[in-house]
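Good morning, and thank you for coming. I would ask you to look at the sequence and the structure first, before I take you through them.

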Amino acid sequence: MVPLPTRRATIRLARAVAAALRPGDLLILSGDLGAGKTFFTRALCRALGVPSAEPITSPTFTLVHEHAGSLPVAHADLYRIGDEEELVQLGLRDRRGEGAVLVVEWGAPYAAALGGDALLITFEVAADGARRARIEAEGGRAAALLAAALGGLGTSA
Ligand SMILES: Nc1ncnc2c1ncn2[C@@H]1O[C@H](COP(=O)(O)OP(=O)(O)O)[C@@H](O)[C@H]1O
Ligand SMILES: [Mg+2]
């Protein structure tokens with residue numbers, strides 16, 4: 001569990017994850033509306049060098065936004081996705097194969113369809129407003145990514 005008492009703490013987490021990313025990595029972001037999924041993605045993209053003039057917003061209607069940093073990032077929001085057929089048509093799994101990092105909001109039901117081996121980050125806001133991230137690795141590469149990211153953060157779990 002990573003406490004996120006300030007936006008700064010979320011930016012720090014995003015920087016630590018960004019520094020550990022490799023082409024084709026899959027990040028699945030969960031949490032209620034307003035929990036910080038897009039905020040985290042924006043900080044991650046900035047850490048990868050996406051210029052601050054380029055807006056990073058929730059791809060709620062367009063479903064996927066592409067950003068070019070030191071790694072290409074495909075940022076998706078699957079809240080409105082109908083079924084796995086529609087997901088295939090978005091070509092996200094192919095983007096991974098091409099070396100893009102996939103950052104997927106509301107993607108938890110589709111981890112396997114996206115190719116698996118996912119780092120799952122769940123943003124939680126407690127009743128008293130306290131924010132934190134629960135981070136789990138589902139697969140070998142994701143476990144290595146998690147260890148490297150937490151190492152960069154100076155946290156052990
Ligand atoms: N510690 C924090 N980490 C991330 N966002 C925070 C934090 N504290 C407050 N916020 C605010 O919470 C909101 C999160 O919104 P957003 O990232 O769009 O959520 P989601 O994409 O999960 O719906 C932003 O307005 C952000 O400024
Ligand atoms: Mg969002």
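First, the conventions. Residues are numbered from 1 along each chain as its sequence is written, while chains are lettered from A and ligands numbered from 1 in the order in which they are written. The model is a predicted one, in which local features need pLDDT of at least 70, side-chain atom pairs count only at pLDDT 80 or more, and totals for chains, interfaces and linings use all residues; side-chain values use heavy atoms, without hydrogens and water.

Seven strands make up an open sheet of mixed pairing, in the order 1-7-6-2-5-4-3. Strands (E, at least two residues) and helices (H or I, at least four) are DSSP runs numbered from the N terminus, and two strands pair if DSSP finds at least two bridges between them. Strand 1 (2-3) and strand 3 (64-68) are at the edges with a single partner strand each, so one side of each has no neighbour in the sheet. Strand 1 runs antiparallel to strand 7 (residues 131-138), and two bridges join them. Within strand 7, A133 is the bridge partner of V2.

I turn to helix 2. This helix, residues 37-47, lies across strand 2 (26-30), strand 3, strand 4 (72-77), strand 5 (101-105) and strand 6 (118-125). Helix 2 runs at about 150° to strand 2, where axes are lines fitted to C-alpha atoms, for helices over the stretch in contact (heavy atoms within 4.5 Å), and angles run from 0 to 180 degrees between N-to-C directions.

How many aromatic pairs does the model contain? The count is two, taking rings of Phe, Tyr and Trp (its six-membered ring) with centres within 6.5 Å; planes under 30 degrees apart are stacked, over 60 edge-to-face and the rest tilted. F40 and F123 form a tilted pair, 5.5 Å centre to centre with 55° between the planes. Because F40 lies in helix 2 and F123 in strand 6, the pair ties together parts 83 residues apart in sequence. Both F40 and F123 are buried, meaning under 20% relative accessible area, with exposed over 50% and partly exposed in between (1.4 Å probe, protein chains only).

The rings of Y79 and W106 have centres 4.9 Å apart and planes at 55°, so this pair is tilted. Y79 is in the loop between strand 4 and helix 3 (84-90), and W106 is in the loop between strand 5 and strand 6, 27 residues apart. Y79 is exposed at 54% relative accessibility, whereas W106 is partly exposed at 26%.

Now the backbone. Most residues other than glycine have a negative phi. W106, not a glycine, has a positive phi of about 55°. D117 has a positive phi near 50° and lies in the loop between strand 5 and strand 6.

Finally, which residues coordinate the magnesium ion (ligand 2)? They are T38 (OG1), S58 (OG) and E105 (OE), at 2.2 to 2.4 Å; donors are N, O and S atoms within 2.8 Å of the metal (3.2 Å for Na, K and Ca), and sites may look incomplete because water is not among the atoms. T38 in helix 2 and E105 in strand 5 are 67 residues apart. T38 is buried at 14% relative accessible area, and E105 is buried at 2%.
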